Amino acid sequence: MSKKKYVYFFGVGKTEGDGSMKDLLGGKGAGLAEMTKLGIPVPPGFTITTETCNDYFNNKSQYPEGMWDEVLTNMKMVEELMGLKFGDAEKPLLVSVRSGAKFSMPGMMDTVLNLGLTDSTINGVIKRSNNEKFAYDAYRRFITMFASIVMGVDRLEFEHVLDKKKEKNKVKYDSELSADALKELVKEFKALYKKKVNQDFPQDPMEQLKLAINAVFGSWFGERAKTYRKLNGIADDLGTAVNICTMVFGNMGDTSGTGVAFTRDPSTGEHKFYGECLINAQGEDVVAGIRTPLKVEELQKPMPDAYKHLMEIYQSLEKHYKDMLDLEFTIEDGKLYMLQVRVGKRTAAAALKIAMDMVDEGAIDKQTAVLRVEPQQLDQFLHPMIDPKVKLKKLAKGLPASPGAAVGKAVFTAKEAEEWAEKGEKVLLIRLETSPEDIGGMNAAKGILTARGGMTSHAAVVARGMGKPCVAGCGDLVIDVKKKTCTVKDTVIKEGDWVTINGSTGEFILGETKLIEPAVTGDFAKFMGWVDEFRDMGVRANADTPHDAEVALKFGAEGIGLCRTEHMFFEEDRIKAVREMILADDEAGRRKALAKILPMQKKDFKGIFKVMKGKPVTIRLLDPPLHEFLPHTDKELSALAKEMGVPASKLKERNEALHEFNPMLGHRGCRLGVTYPEIYEIQVQAIMEAAAELQKEGIAVIPEIMIPLVATVTEFTKMKDMTVRICDEVMAKGKVKVEYLVGTMIELPRAAIVADKIVEGGAEFFSFGTNDLTQTTFGLSRDDAGRFLPFYVDNKILPEDPFVSIDVDGVGELIKMGIEKGRSKASKLKVGICGEHGGEAKSVEFCYNAGMNYVSCSPYRVPLARLAAAHSMLKKKGSKATSTK
């Protein structure tokens with residue numbers, strides 16, 4: 001058995017990894033290795049693998065045997081290549097220690113720059129660079145990063161000392177401090193370090209390196225990284241690699257600089273090189289948004305050779321990877337070095353445009369383009385936009401960092417955003433600048449607004465990844481977190497005031513602005529046409545009204561998979577008749593009340609059938625328990641009794657008689673139809689009369705009548721016999737023939753177990769109601785489980801919320817059993833899903849692999865489901881195209 005390898009070297013003449021090894025080397029390490037192999041200038045270094053990270057944690061936070069020896073061996077290789085020595089006073093080698101997981105997690109884990117600086121090695125740095133100011137600038141940065149990241153000291157402690165130093169020296173930016181001021185700052189930083197850590201700043205570079213590696217490993221389980229993984233569906237057991245790379249310096253003067261760039265615009269997808277940079281700065285300055293960056297093209301004048309080289313490299317890398325890339329670079333005294341290449345985060349609009357443009361350019365084919373856009377990204381297309389007819393009070397303008405409009409109440413901390421959102425409030429997070437610690441609040445907010453930072457700042461990158469509208473770098477904002485206000489000229493916005501942002505234009509707007517829904521047109525419509533070429537599973541929508549049906553069609557629904565008839569009962573013009581039916585003392589009284597509802601329901605069904613123009617419409621007969629149609633408080637009951645002209649005591653008695661301890665497991669669904677058949681008879685009559693009348697007018701109609709909550713074949717056969725009888729009567733009376741189906745919802749474990757018998761009893765289709773199937777399989781109430789399910793997910797008792805994504809091992813097995821048993825008696829049995837899972841990408845993939853004919857979801861999630869179905873088909877058929885995270 002071969003010995004496990006913990007460390008992989010990258011450098012001219014010997015590079016051990018490549019771009020295909022993201023699982024082992026992480027995205028950053030694989031990118032560095034690949035660029036080195038392509039002959040692109042990369043500072044040499046080595047990568048400690050993701051497997052080592054997992055071994056480290058499994059070994060009680062101790063290095064696995066042999067790892068440190070490999071680190072020392074690789075460090076010697078770097079020293080030989082650079083002609084420098086780690087810890088040497090004359091020719092010191094300095095390194096960066098950076099995280100790098102398989103999937104990009106921007107800003108979520110830790111990095112330490114300038115490692116190896118000590119009171120001894122700084123003299124060698126000064127001698128080699130002939131630049132005392134640069135050396136002390138690097139040292140003060142290192143102390144800050146090491147103290148905050150490795151030792152857990154609040155970074156603001158050092159920022160306060162730095163601010164005082166700038167104030168004393170009457171300068172605005174760090175780069176304006178003199179060498180003497182920076183030398184004083186280093187002394188003050190070391191004194192602060194000793195005060196906070198209770199020991200001197202470490203002067204042994206090897207000790208520094210070990211502690212930094214430990215910190216990067218540890219950041220994998222930091223709160224912000226865990227939150228990011230949870231929000232983005234990234235597994236906790238992947239681990240992070242650690243990249244130790246020779247330092248190159250962008251803060252050596254006016255011929256040095258650093259930047260972040262994208263090979264295409266990550267917000268719009270426009271085919272142009274897009275980035276930001278700073279002269280005389282290190283990388284942390286760009287993403288922190290502390291200084292206003294330059295556009296990358298502005299490098300052309302001060303550093304023409306480096307800029308020309310950067311242009312050549314970005315073009316060759318994009319051609320090599322055949323995708324939009326996120327690049328980091330540093331220019332040291334005029335020489336360009338590449339520090340990172342990875343597939344770039346992008347908005348949905350950019351993902352779509354880039355994928356389509358690359359097809360037109362011949363770089364990729366259509367199926368690769370389809371796989372390049374993630375289903376959840378399509379939600380961004382369906383975000384509301386500001387109504388162009390509304391007059392706006394525009395307060396300020398920043399950068400359009402992530403598109404879409406957001407409206408919410410102003411809050412000024414991430415914690416407040418989470419707390420307000422938990423109470424059901426819509427909030428908009430306003431910050432001076434965001435940091436990785438703000439991830440929870442950013443997720444809770446409808447949108448994000450920052451006073452500082454550019455298009456590659458933390459706020460911009462994370463918001464784009466989340467699909468949240470974001471306006472960054474709104475310089476006119478004056479934010480006072482203590483007072484919970486922000487001021488723009490003469491306007492003061494207090495916590496709780498309504499505000500709006502337009503992430504597509506960068507505008508900050510006062511007030512609660514009216515938003516409008518988007519449409520599927522242009523490139524989106526063309527792309528969805530491509531999607532449908534690679535999809536062989538149907539997508540329907542859950543729709544209860546003609547308007548819902550119109551929206552569903554607009555988004556590409558191929559039918560209605562669930563029409564909930566009870567929603568029609570709640571309409572103001574018919575709830576009174578429903579209540580009369582409930583209060584009736586006998587069948588005759590119930591029928592009299594239901595007769596009032598018949599024409600109303602028929603009108604509803606005709607409206608939906610007309611909109612759907614011959615596409616199948618699955619109508620579920622009444623499902624909820626009757627008590628839901630009655631008010632519950634004494635005050636409400638008294639008011640209703642007065643309105644209906646009945647004694648309040650009678651209403652109260654009826655309400656108490658209908659009361660159930662667990663109504664979701666009680667007298668509902670087909671059980672109502674069995675005990676009160678007149679309810680279902682009226683509904684079936686309304687469905688069939690609507691269908692028959694339209695068919696006579698030459699309008700095609702395909703009704704599918706669905707019996708809910710079936711547990712036994714006897715229940716189903718009883719309800720089907722009734723349905724067929726009523727349909728026959730209506731068709732005979734109208735002298736018309738309507739093709740229709742009668743099926744059932746499989747939403748109880750017993751129904752899945754006896755699915756073959758239900759088919760033998762005459763079921764012509766199954767629709768899995770996964771909301772109830774999940775409830776009854778787990779013994780969980782969807783309404784109450786929210787109190788503890790987050791704890792279960794956070795503590796890995798459950799991998800994820802089973803009401804969000806199908807529980808494949810439990811609920812999924814019941815679904816597969818139901819399909820297999822049903823089709824053992826009718827091989828062409830039509831099977832679909834109509835629970836909320838029908839619009840969740842992983843659940844759609846499960847449904848596809850389980851052999852379903854279609855999924856059904858809310859109208860606005862239809863495009864997502866179509867794309868998820870296409871992905872499922874391409875993956876199952878082993879397409880060589882790969883999807884990017």
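1. Let's start with Arg 140, which is buried at 6% relative accessibility; buried here means under 20% relative accessible area, exposed over 50% and partly exposed in between, with a 1.4 Å probe and protein chains only. Before going on, the ground rules: this is a predicted model, where local features need pLDDT of at least 70 and side-chain atom pairs count only at pLDDT 80 or more, while totals for chains, interfaces and linings use all residues. Residues are numbered from 1 along each chain as its sequence is written, and side-chain values use heavy atoms, with hydrogens and water left out.

2. What does Arg 140 pair with? Its salt-bridge partner is Asp 174, with the closest N and O atoms 3.3 Å apart. A salt bridge is a side-chain nitrogen of Lys or Arg within 4 Å of a carboxyl oxygen of Asp or Glu. The pair ties together distant parts of the chain, 34 residues apart: Arg 140 is in helix H5, and Asp 174 is in the loop between helix H6 (155-168) and helix H7 (179-197). Helices (H or I, at least four residues) and strands (E, at least two) are DSSP runs, numbered from the N terminus.

3. Asp 174 is buried as well, at 17% relative accessibility. It also takes a salt bridge from Lys 166, where the closest N and O atoms are 3.0 Å apart, and Lys 166 counts as buried because its relative accessible area is 12%. Zooming out, the linked network of salt bridges takes in Asp 137, Arg 140, Arg 141, Asp 163, Lys 166 and Asp 174. The structure holds 57 salt bridges.

4. Another of the salt bridges joins Asp 236 to Arg 229, with the closest N and O atoms 2.7 Å apart. Arg 229 is buried, with a relative accessible area of 1%, whereas Asp 236 is partly exposed at 21%.

5. Back to helix H5 (residues 132-150), which also carries Tyr 136. Tyr 136 is buried at 12% relative accessibility. Not counting residues up to four places away in sequence, Tyr 136 touches Ile 122, Ile 126, Leu 182, Lys 183 and Val 186; contact means heavy atoms within 4.5 Å.

6. Next, the barrel. It is closed and has eight strands, running S26-S27-S28-S29-S30-S31-S32-S33 with parallel pairing; two strands pair if DSSP finds at least two bridges between them. From one strand to the next, the twist averages 25°. Strand S26 (residues 538-542) and strand S33 (residues 854-857) run parallel and are joined by four bridges, with Val 539 opposite Val 855 in S33. Helix H34 (residues 862-876) lies across S26 and S33, at about 160° to S26. Axes here are lines fitted to C-alpha atoms, for helices over the stretch in contact, and angles run from 0 to 180 degrees between N-to-C directions.

7. For an antiparallel case, look at strand S11 (residues 325-332) and strand S12 (residues 335-343), which pair over eight bridges. Leu 325 stands opposite Val 343 in S12. The hairpin has two residues between the strands, and Asp 333 takes a positive phi near 50° there.

8. Leu 325 turns up again among the contacts of Glu 318, which also include Thr 263, Arg 264, His 271, Asp 323, Met 324 and Met 358, not counting residues up to four places away in sequence. Glu 318 sits in helix H11 (residues 304-321) and is buried, with a relative accessible area of 9%.

9. Asn 114 is not a glycine, yet has a positive phi of about 65°; Asn 114 is in strand S6 (residues 111-115) and is buried at 0% relative accessibility. Lys 489, also not a glycine, has a positive phi of about 55°. Is Lys 489 buried or exposed? Lys 489 is exposed, at 68%, and lies in the loop between strand S21 (485-488) and strand S22 (491-494).

10. Last, the surface. Phe 788, Phe 791, Tyr 792 and Ile 797 make a nonpolar patch of about 380 Å². Patches are made of residues with over 30% relative accessible area and no salt bridge, with like charges joined within 9 Å and nonpolar side chains (Val, Leu, Ile, Met, Phe, Trp, Tyr) within 5 Å. Accessible areas come from the Shrake-Rupley method with a 1.4 Å probe, and for residues only the protein chains shown count as cover. Phe 788 lies in the loop between helix H30 (770-778) and helix H31 (789-794) and is partly exposed at 34% relative accessibility.
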